[in-house]
Amino acid sequence: MKIGIDRLTFATTELYLDLRDLAAARHVDPDKYLMGIGQSQQAVIPPTQDAVTLAAQAAAKIPAAELAQVSTVIVATESGVDNSKAAALYVKQLLGLSDFVRTIELKEACYSATAGLQFAKGLVALHPTEKILVIASDIARYGLQTGGEVTQGGGAVAMVVAKDPRVLELESTSVAFSQDVMDFWRPLYRSEALVDGKYSTQVYIDFFQACWQRYQQLTGATLDDFAGFLFHLPFTKMGKKALASELGDRDDQVAQRFWAVLQASQVYSRRVGNLYTGSLYLSLLSALNHGQLQAGNRLGLFSYGSGAEGEFLTGRLVDGFAAALERPDAMLDQRRQVSVAEYETLFNQHLGLQSQDCTFDLSDSQAPFVLAGQQNHQRQYQRRG
Ligand code: COA
């Protein structure tokens, strides 16, 4: 049975920061951010948005008739809003889905959406008529004036997993690799991550190589068997580093093809920053919308989550895949640019670990789903329109 991604949509906030402005405010050469890190803009997250509202926003772009067929909602996030209750329950409610739906939240840093995809594939294999909604939703927060600040961002990618998929048919062999590593983590008492950025970059590359080499041993495949690779992109330079670890200074046709796919995959990440769990799947959306890929092309996807876990999985593009994709370019163009001062104010208004009641001003937001505040320790979500 063919099982895979049947629909792919994306949501982020209405606001962005130009990283040249951030560079000026932090007294850094802008080329470090634009070229050295490979980021131009960053999604700015108002306090009225969180992993739940962004997840709902991405999923609401899926036609209602398809959402009505969903049997399970999996929300993959490391920006969870509750230590007990699954974000998927809030999302299911905001989307107005039937109560006869299974809901669950998954966590393992930036990796968990890939686990969600594999679990969804297993569910469809057991129950071929079911459609599974997998949503990767996160807010990357490192803190003001930290080394990771330039790699912040946020947003959500929603995927429907079904039999006879219209976008990407997932193949059976994949390689997962995990080790207990302290490269990035967020203790329960913190709303910003702790990170050893240089170390995490090296662990990422080591895990990519471990997975890819084992995949080659298991299947006999080589680079020649792929149109290109897609990477988790915490910042776009990370994909370049990972691909360079394989291609070195090769400049033949295969290498040029892989570099072209990588470049196409970086377009959206460069403009929104890190989505944590969603970043790999935003790379996929970007490559499909901006690359020269065709039906039948085989893609390798490398998923990485700090802590750490990696997985190399593969899929084949399906005839007519473009019809089941969102094209978010116009939505990104329409976002409002904010100053560094406004970004810092919004950053500090984040609900975070605060326990007091509060009400947020919603007058500036056109977002379809908002966090209106907190009452009696309960988050107040609203669907508007
Ligand atoms: N012009 C062009 N490039 C410049 C530059 C300039 N003026 N100044 C610096 N650079 C380059 C550096 O050479 C370096 O390139 P390289 O990585 O290819 O060697 C790059 O910009 C980054 O500079 P560096 O000094 O290493 O940055 P940093 O100490 O600020 O750390 C991160 C960068 C990504 C490690 C940091 O932002 C971070 O910790 N991010 C969060 C963690 C993360 O995303 N981890 C990824 C794995 S999940």
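Trainee: Why is glutamine 145 called exposed?
Mentor: The relative accessibility of glutamine 145 is 61%. Buried means under 20% relative accessible area, exposed over 50%, and partly exposed in between, with a 1.4 Å probe and protein chains only. Glutamine 145 therefore counts as exposed. Its phi is positive, about 60°, although the residue is not a glycine. Glutamine 145 sits in the loop between strand S6 (131-140) and S7, where helices (H or I, at least four residues) and strands (E, at least two) are DSSP runs numbered from the N terminus.

Trainee: What conventions apply to the model as a whole?
Mentor: This is a predicted model, in which local features need pLDDT of at least 70 and side-chain atom pairs count only at pLDDT 80 or more, while totals for chains, interfaces and linings use all residues. Residues are numbered from 1 along each chain as its sequence is written, and side-chain values use heavy atoms, with hydrogens and water left out.

Trainee: Why does alanine 109 count as buried?
Mentor: Alanine 109 has 9% relative accessibility, so it counts as buried. Alanine 109 also has a positive phi, about 45°, without being a glycine. Its loop runs between strand S5 (102-106) and helix H6 (112-126).

Trainee: What makes glycine 155 a buried residue?
Mentor: Its relative accessibility is 0%, so glycine 155 counts as buried. Glycine 155 belongs to strand S7 (residues 153-163).

Trainee: Why is leucine 362 called buried?
Mentor: Leucine 362 has a relative accessible area of 17%, so the residue is buried. Leucine 362 is placed in the loop between strand S16 (358-359) and strand S17 (369-375). Leucine 362 and proline 47 are 315 residues apart along the chain, and their C-alpha atoms are separated by 9.7 Å.

Trainee: Which residues are closest to the ligand?
Mentor: The ligand is surrounded by 18 residues, the closest being Lys32, Gly147, Ser200, Lys237 and Lys241. A residue is near a molecule or strand if one of its heavy atoms lies within 4 Å of it.

Trainee: What polar atoms does lysine 237 place by the ligand?
Mentor: A polar side-chain atom of lysine 237 lies 2.8 Å from an oxygen atom of the ligand. A polar contact is a pair of N or O atoms within 3.5 Å; within protein, one must be able to donate a hydrogen and the other to accept it, and residues adjacent in sequence count only if both atoms are side-chain atoms. For lysine 32, the distance from a side-chain N or O atom to a ligand oxygen is 2.7 Å, and for lysine 198 it is 3.1 Å. The protein covers 69% of the 970 Å² of accessible area that the ligand has on its own, with areas from the Shrake-Rupley method and a 1.4 Å probe; for residues, only the protein chains shown count as cover.

Trainee: Which elements give two or more residues to the shell around the ligand?
Mentor: They are helix H2 (30-37), helix H7 (197-219) and helix H8 (236-247). The largest share, four residues, comes from H2. At the start of H2, a side-chain oxygen of aspartate 29 comes within 2.9 Å of the backbone nitrogen of aspartate 31. Glycine 38, with a positive phi near 90°, follows H2.

Trainee: Why is the ligand said to lie between domain 1 and domain 2?
Mentor: Domain 1 (3-165 + 326-383) and domain 2 (169-321) both give residues to the shell around the ligand, so the ligand lies between them. The domain bounds come from an automatic or database domain assignment.

Trainee: What makes the pair of tryptophan 212 and phenylalanine 229 edge-to-face?
Mentor: Rings of Phe, Tyr and Trp (its six-membered ring) pair if their centres lie within 6.5 Å; planes under 30 degrees apart count as stacked, over 60 as edge-to-face and the rest as tilted. By this rule the count comes to 23 aromatic pairs. The ring centres of tryptophan 212 and phenylalanine 229 are 5.0 Å apart and their planes stand at 75°, so the pair is edge-to-face. Tryptophan 212 is in helix H7 and phenylalanine 229 in strand S12 (residues 228-231), 17 residues apart. Both tryptophan 212 and phenylalanine 229 are buried.
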